[in-house]
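Biologist: Could you take a close look at the aromatic rings in this model, and tell me how they are placed and how far they are covered?

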Amino acid sequence: MKTAIQFFPVIFICLFIFSCASAEELKTSPTQININGSQLTLDVIIWRDFTPPTEDNGKLLVSKVQLNLIVGPDILSNIHLVRQYVIYGDDVWYADLQNIGVNGSFVEGTSSGGPKWGPDVLVDVVLEFTYDNKSYKILAPNQNIEKVQ
């Protein structure tokens with residue numbers, strides 16, 4: 001008789017594989033979301049730092065996302081930013097967000113430690129967030145990875 005521990009690797013692999021979204025699936029996320037009459041859009045600043053002293057090939061990818069309330073009731077204090085996905089071709093890097101805060105008409109967060117893609121390449125960025133116990137994804141397509149010197 002097999003024990004639960006023997007099945008753990010299979011269970012872990014299945015949960016890991018099926019909980020990860022593909023690049024193709026993520027790119028189908030909308031660029032605007034309307035929740036209870038509140039229209040939301042996403043702005044992104046994404047960069048790699050090449051300021052000396054650093055390695056010749058620069059530091060790891062850093063990204064700041066900003067979920068904007070365009071019109072409608074202010075729901076931002078009830079939004080929880082979960083993670084962001086950065087898509088380069090078929091490759092997807094994702095990270096939980098840090099330094100999260102609400103600032104007037106937007107809520108923002110940052111992530112760091114990403115891959116050394118770019119600079120000066122276009123990526124798609126998807127923000128995952130929750131509101132009222134429901135999960136949402138919003139897309140900011142064609143974001144240029146900037147080079148900071």
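**The aromatic pairs**

Modeller: Tyr88 has a relative accessibility of 33% and therefore counts as partly exposed, where buried means under 20% relative accessible area, exposed means over 50%, and partly exposed lies in between, computed with a 1.4 Å probe on protein chains only. Trp117, at 14%, counts as buried. This is a predicted model, in which local features need pLDDT of at least 70 and side-chain atom pairs count only at pLDDT 80 or more, while totals for chains, interfaces and linings use all residues. Residues are numbered from 1 along each chain as its sequence is written, and side-chain values use heavy atoms, leaving out hydrogens and water.

Rings of Phe, Tyr and Trp (its six-membered ring) pair if their centres lie within 6.5 Å, and planes under 30 degrees apart count as stacked, over 60 as edge-to-face and the rest as tilted; by this rule there are 3 aromatic pairs. One of them joins Tyr85 and Tyr94, whose ring centres are 5.8 Å apart with planes at 40°, so the pair is tilted. Tyr85 is buried, at 6% relative accessible area, whereas Tyr94 is partly exposed at 38%.

Tyr88 and Trp117 form another tilted pair, with centres 5.3 Å apart and planes at 40°. This pair links distant parts of the chain, 29 residues apart, since Tyr88 lies in strand 4 (residues 79-88) and Trp117 in the loop between strand 7 (106-114) and strand 8 (122-131); strands are DSSP runs of E with at least two residues, numbered from the N terminus.

Notes: Helix = DSSP H or I, 4+ residues; strand = E, 2+ residues; numbered from the N terminus.
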